[in-house]
Amino acid sequence: MPTSGLVVRPIGDGAFVAQLTPVANGFGDSKLTLCVTGGGVTVERTTQITVRAVDDAPEILAPESVALEMGDRPEVALQIRDVDTALDSLQLSVRTENQALVPVEGLEISGEGADRVLSITPLAGASGEASIYLGVDDGVNARVEARLVVRVLPAPTLSIERLEFGRLR
């Protein structure tokens, strides 16, 4: 345990309290020795400190939104992280709130390790907006989700304002 994580402060009547903050994701046993000197006398006390391991929740990083034109099939880069669990042991899931635009069958996560790819295939001829929820679960903590808003833009319309026919020779 680093000494930078130790704060000793008075609480009154000559008493003090020691507050320890372990390093991020640190755990294990350590000894703490406090020395107090006053009036030519030094008193030393040692105590055993145990910091228990805490399972951190996994993370999933995704863009907030993606816009595409009707007929496009984008691939969206994702990243997953977990300081406690091997990345290939994490369970990934995906769901959609708008099956009429992007059915769950049109969503596929691929890749290995931290870098993953979400392939999106909207229904043919459909346009609008759908929230896609990407989940990651380490089997210990609650499932963590990220929301990705998919906007499928309608196909552009082509209008002909004027037609002219000329004489062929």
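Let me start with one side chain: Arg95 is partly exposed, because its relative accessible area is 38%, where buried means under 20%, exposed over 50% and partly exposed in between, with a 1.4 Å probe and protein chains only. Before I go further, please keep in mind that this is a predicted model, in which local features need pLDDT of at least 70 and side-chain atom pairs count only at pLDDT 80 or more, while totals for chains, interfaces and linings use all residues. Residues are numbered from 1 along each chain as its sequence is written, and side-chain values use heavy atoms, with hydrogens and water left out.

Back to the arginine, then. The side chain of Arg95 meets that of Glu145 in a salt bridge, at 3.1 Å from N to O, the rule being a side-chain nitrogen of Lys or Arg within 4 Å of a carboxyl oxygen of Asp or Glu. This pair links distant parts of the chain, since Arg95 lies in strand 8 (residues 91-96) and Glu145 in strand 12, 50 residues apart; strands here are DSSP runs of E with at least two residues, helices are runs of H or I with at least four, and both are numbered from the N terminus. Glu145 counts as partly exposed, because its relative accessibility is 33%, and Glu145 also forms a salt bridge with Arg143, with the closest N and O atoms 2.7 Å apart. Arg143 is partly exposed as well, at 40% relative accessibility, and Arg95, Arg143 and Glu145 are thus linked in a network of salt bridges.

A further pair is Glu129 with Arg151, whose closest N and O atoms are 3.0 Å apart; this pair, too, links distant parts of the chain, with Glu129 in strand 11 (residues 128-137) and Arg151 in strand 12, 22 residues apart. Glu129 is partly exposed at 44% relative accessibility, and Arg151 is partly exposed at 35%. By the rule I gave, the count comes to four salt bridges.

How many helices and strands does the protein chain have? The protein chain has zero helices and 12 strands. Gly28 stands opposite Val51 in strand 4, and the two strands form a hairpin with two residues between them, where Gly39 in the turn has a positive phi of about 60°. Leu34 is placed in strand 3 and counts as partly exposed, because its relative accessibility is 34%.

Finally, the overall dimensions. The radius of gyration, taken over C-alpha atoms, is compared with a globule rule of 2.2 Å times the number of residues to the power 0.38; a compact globule of 169 residues would come near 15 Å, but the protein chain has 30 Å. Along the principal axes, the C-alpha atoms fill a box of roughly 120 × 35 × 30 Å, and 25% of the 169 residues count as buried. In the segment after strand 12 (144-153) we find Gly166, which counts as exposed because its relative accessibility is 65%. The C-alpha atoms of Gly166 and Val152, 14 residues apart along the chain, are separated by 40 Å.

Conventions: Pairing = 2+ DSSP bridges.
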